[in-house]
Amino acid sequence: MIIQPKIRGFICTTAHPLGCALQVQRQIEYAREQSAIQGPKKVLVIGSSTGYGLASRIISTFAAGADTLGIFFEKSATDKRTATAGWYNTAAFQQAAHAVGRTALNINGDAFSDAVKEQAIDMIRKHFGSVDLIIYSLASPRRTHPRTGESLFSVIKPVGKSFTSQTIDVNTGTLSQVTLEPANDEEIRQTVGVMGGEDWELWINALNDAGVLAKNATTVAYSYIGPAITFPMYREGTIGKAKDDLEATAIRLNASLQKTGGRAFVSINKAVVTQSSSAIPVVPLYISILYKIMQEKGIHEGCIEQIYRLFAKRLYTGDTVPVDEKGRIRIDDYEMRPDVQTEVLNAWNHMNQENLTLLANLEEYQQEFLSLFGFSNEKIHYAEEVNPVVAVNPS
Ligand code: NAD
């Protein structure tokens, strides 16, 4: 099959196995170049195939020397269709982990379901005994509630009043105004049901009840705050309500895990290009500006750099984990630096179609977006035939 990008709005419906493998390899190389982390040894990553979850899995294995169980929701290839990027990423990760003698177990299924939780517990019991780190990195538009069977859908909308902002079509580079109408109570409830903390808590309780949570286990879920210009859309919108719920869950889980020497945190990560962040209006324009400014200041980071810092400089230093006044780990500290945010705001306020390339790095955004799917890599000959069928094994 000759595989080229097919972009539909903010998603790419094809993925290139060799390109995905190369971008996983690049992250593995970064992890191996860093100082080794004296950290977790048996890690469960829920949402392990792309973005922050994939980076967490790579850092666990290649910087901390851990065995991992990854859970994800991806599609394998057929004769007519490529697999999803997360499938190819996982295949490449598993191969590389095996090559260094590390265990890499996989479950492709719905992490929100009881069945996948039970399957994970069985695999942990059989292969690991217990897990000492659980990363919760799901980003999903929907969830079937395991108890009620209700289908819940998450929406990205402001709360309370409508929000008008400039935004960008990242494919054409066209700036425009977008107005988003506020969510109703039902939409807020459902978004919290999908992206809030309930499922994380169900996971931790299920692992604990099954006796496969190590005594001193750590669990971390990822969240975001960002700048005031995106507040109506993000932090004060429907997703922000879900993140408030996730953060409240962390406090509850921490109190209960502390009894056995464990701990639970939310980590506030920086804005990066992932399949999920590209679906949020306004955010891609903010990221294009942010990347340019952080690169100019020499403090640019992607998922892998962020997660290395989370493990090496926050979670596993041997000291108390530094947290903010709400108990959250902050690895968005460079993004939120006053000098960075002042420049972002200045660019944001003066942005127009003519000065777009001067004030934002849209080209880099587009390239990173394509590279999520294994495209835009100069080492790959995209005009050549490639076999889309790649194996991902349970163990
Ligand atoms: P992503 O889309 O790259 O990854 C989502 C992962 O969840 C994938 O592995 C996918 O397979 C998995 N998944 C989705 N639904 C599933 C299901 N039902 N069952 C099993 N697996 C499922 O997303 P991301 O951007 O890495 O986001 C991960 C977390 O990080 C989210 O909580 C997000 O809010 C947070 N975060 C993201 C950013 C950002 O800028 N991207 C910034 C800060 C925090």
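This tour goes from the ligand to a pocket and then to a sheet.

The model is predicted, so local features need pLDDT of at least 70 and side-chain atom pairs count only at pLDDT 80 or more, while totals for chains, interfaces and linings use all residues. Residues are numbered from 1 along each chain as its sequence is written, and side-chain values use heavy atoms, with hydrogens and water left out.

**Stop 1: the ligand**

Select the ligand and the 29 residues around it; Ser49, Ala111, Lys243, Thr274 and Ser276 come nearest. A residue is near if one of its heavy atoms lies within 4 Å. By class, this shell holds 12 nonpolar, 13 polar and 4 charged residues. Here Ala, Val, Leu, Ile, Met, Phe, Trp, Tyr, Cys and Pro count as nonpolar, Asp, Glu, Lys and Arg as charged, and the others, Gly among them, as polar. Helix H2 (51-62) and strand S11 (213-223) each supply at least two residues of the shell; helices (H or I, at least four residues) and strands (E, at least two) are DSSP runs, numbered from the N terminus.

Next, show side chains. Threonine 50 has a polar side-chain atom 2.8 Å from an oxygen atom of the ligand, and lysine 243 also places a polar side-chain atom 2.8 Å from a ligand oxygen. At aspartate 110, a side-chain N or O atom is 3.0 Å from a nitrogen atom of the ligand. The protein buries 93% of the 840 Å² that the ligand exposes when taken alone (Shrake-Rupley method, 1.4 Å probe).

**Stop 2: helix H7**

Select helix H7 (238-257), which, like strand S12 (263-268), supplies at least two residues of the lining of the second largest pocket. H7 gives the largest share, 6 residues. The lining divides into 7 nonpolar, 2 polar and 6 charged residues.

**Stop 3: the sheet**

Colour the open sheet of 7 strands, ordered S5-S4-S3-S6-S11-S12-S13 with parallel pairing. Two strands pair if DSSP finds at least two bridges between them. At the edges are strand S5 (104-108) and strand S13 (329-330), each pairing on one side only. Strand S4 (residues 67-72) pairs with S5 in the parallel sense over 5 bridges. To finish, select leucine 69, which stands opposite leucine 105 in S5.

Definitions and conventions
A polar contact is a pair of N or O atoms within 3.5 Å; within protein, one must be able to donate a hydrogen and the other to accept it, and residues adjacent in sequence count only if both atoms are side-chain atoms.
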